[in-house]
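Here is a short report for a reader meeting this structure for the first time. Look at the sequence and the 3D view, then read on.

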Amino acid sequence: MILKSSFILSVAAVASYTCQAQSQLVVPQIMASAINMNGIEANFVFSPLSNNGGARVRVEVKSGLSKKFAVSPTGGFEYHIHVKPVGPGNDCTAAGGHLDPTNVGAAKCVAAKPDRCQEGDLSGKHGELKATETGAIAPISYNDKYIHFSGETTTIAGRSVVIHNNGTRVACGNIYPFDQASSLPSGSSEGASKAGSPDGDVRSQGSGASGGQLVATMAMAVAGTFFGALMAL
Ligand SMILES: *[C@@H]1O[C@H](CO)[C@@H](O)[C@H](O)[C@H]1NC(C)=O
Ligand SMILES: [Cu+2]
């Protein structure tokens, strides 16, 4: 009897050791979000920084954020990580609020004091996406030490990126591990009418029935640019 119980004990000890070893081996993955709706094509890539957490963030806007479209007094577009994924038919309202695990709220965020910002308030910490004549924006990269790749309440995985025009949600896309990004469901014309409320400025982007075929073509272009984006990181 004594022999048997000590055998069981040692098995249990091995099992718990293995478990710990596995959890220490988790390597944060690069995360990415592709947005392709309402004429807005944008890629966001979040790469873990080597020390002390945080992320290198790369933002590439290929089209859609034009000066003609921008209605905010700042001439820019806000963008954030929102807590939930995008809803069926690219429903950006389903994304919920900003990722804010420490409940700081939106009001206090200024770029000079990023520690007072919501984790997900990327434009608050790093500046809005500045509208251009063509709607394309040269790729920008920055470090954000507040972004997490783990933790149930803190991780950016499984959430979404939402782009706003003067507050209105105009485009959104889910955040996936980068190696799954080539199978990202790209935006569709269905999402156009659900992008936000009010959606008047969405319509002015030429969405609707005629946009359907165009979007299908762009979906392939988005998959291609992801791999280009990784190499340029
Ligand atoms: C921009 O947002 C502000 C604040 O909600 C609002 O008062 C203003 O009318 C908006 N501007 C346009 C052009 O929609
Ligand atoms: Cu937002």
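## Aromatic pairs

A search of the whole structure, which is a predicted model, turns up 2 aromatic pairs. Take the pair of Phe-44 and Tyr-79: the ring centres lie 5.7 Å apart and the planes meet at 35 degrees, so the pair is tilted. This pair links distant parts of the chain. Phe-44 sits in strand β2 (residues 40–48) and Tyr-79 in strand β4, 35 residues apart. Phe-44 is buried, at 0% relative accessibility. Tyr-79 is buried too, at 0%.

Phe-69 and Phe-77 make another pair, with ring centres 5.6 Å apart and planes at 40 degrees, so it is also tilted. Phe-69 has 2% relative accessibility and counts as buried. Phe-77 is buried, with a relative accessible area of 0%.

The table sets out the geometry of the pairs.

| Pair | Distance of centres | Angle of planes |
|---|---|---|
| Phe-44 and Tyr-79 | 5.7 Å | 35 degrees |
| Phe-69 and Phe-77 | 5.6 Å | 40 degrees |

## The copper site

Which residues are the protein donors of the copper ion (ligand 2)? They are His-80 through ND1, His-82 through NE2 and His-164 through NE2. These donors lie 1.9 Å from the ion. Along the sequence, the donor residues follow the spacing H-x1-H-x81-H. His-80 belongs to strand β4 (residues 76–82) and His-164 to strand β7 (residues 160–165), so this pair ties together parts that are 84 residues apart in sequence. Both His-80 and His-164 are buried.

## The chain as a whole

The chain has 4 helices and 8 strands. Their order along the sequence is α-β-β-β-β-α-β-β-β-β-α-α. The chain counts 233 residues, and 44% of them are buried. Among contacts with a separation of 6 or more, 66% join residues 24 or more positions apart. The accessible surface of the chain is about 12000 Å². Carbon and sulfur atoms hold 59% of that surface.

## The sheet

An open sheet of 8 strands has the order β5-β4-β7-β8-β1-β2-β3-β6. The pairing is antiparallel. Its edge strands are β5 (129–130) and β6 (137–144), each of which pairs on one side only.

Strand β2 is joined to strand β3 (residues 55–63) by 8 bridges, and the two run antiparallel. Here Ala-42 stands opposite Val-61 in β3.

## Strand β1

How many bridges pair β1 with β2? There are 7, in the antiparallel sense. Asn-36 has Glu-41 in β2 as its bridge partner. The two strands β1 and β2 form a hairpin with 2 residues between them. In the turn, Asn-38 has a positive phi of about 55 degrees.

Strand β1 is also joined to strand β8 (residues 168–177), by 3 bridges, and these strands run antiparallel. The bridge partner of Met-31 in β8 is Pro-177.

Technical notes. Residues numbered from 1 in each chain as written. Chains lettered and ligands numbered in written order. Predicted model: local features only at pLDDT ≥ 70, side-chain atom pairs only at ≥ 80, totals over all residues. Heavy atoms only, no water. Donors = N, O, S within 2.8 Å, 3.2 Å for Na, K, Ca; no water. Buried < 20%, exposed > 50% of the residue type's maximum accessible area, 1.4 Å probe, protein only. Contact = heavy atoms within 4.5 Å. Areas by Shrake-Rupley, 256 points an atom, 1.4 Å probe, with all protein chains shown as cover. Phe/Tyr/Trp six-rings, centres within 6.5 Å; stacked < 30°, edge-to-face > 60°. Pairing = 2+ DSSP bridges.
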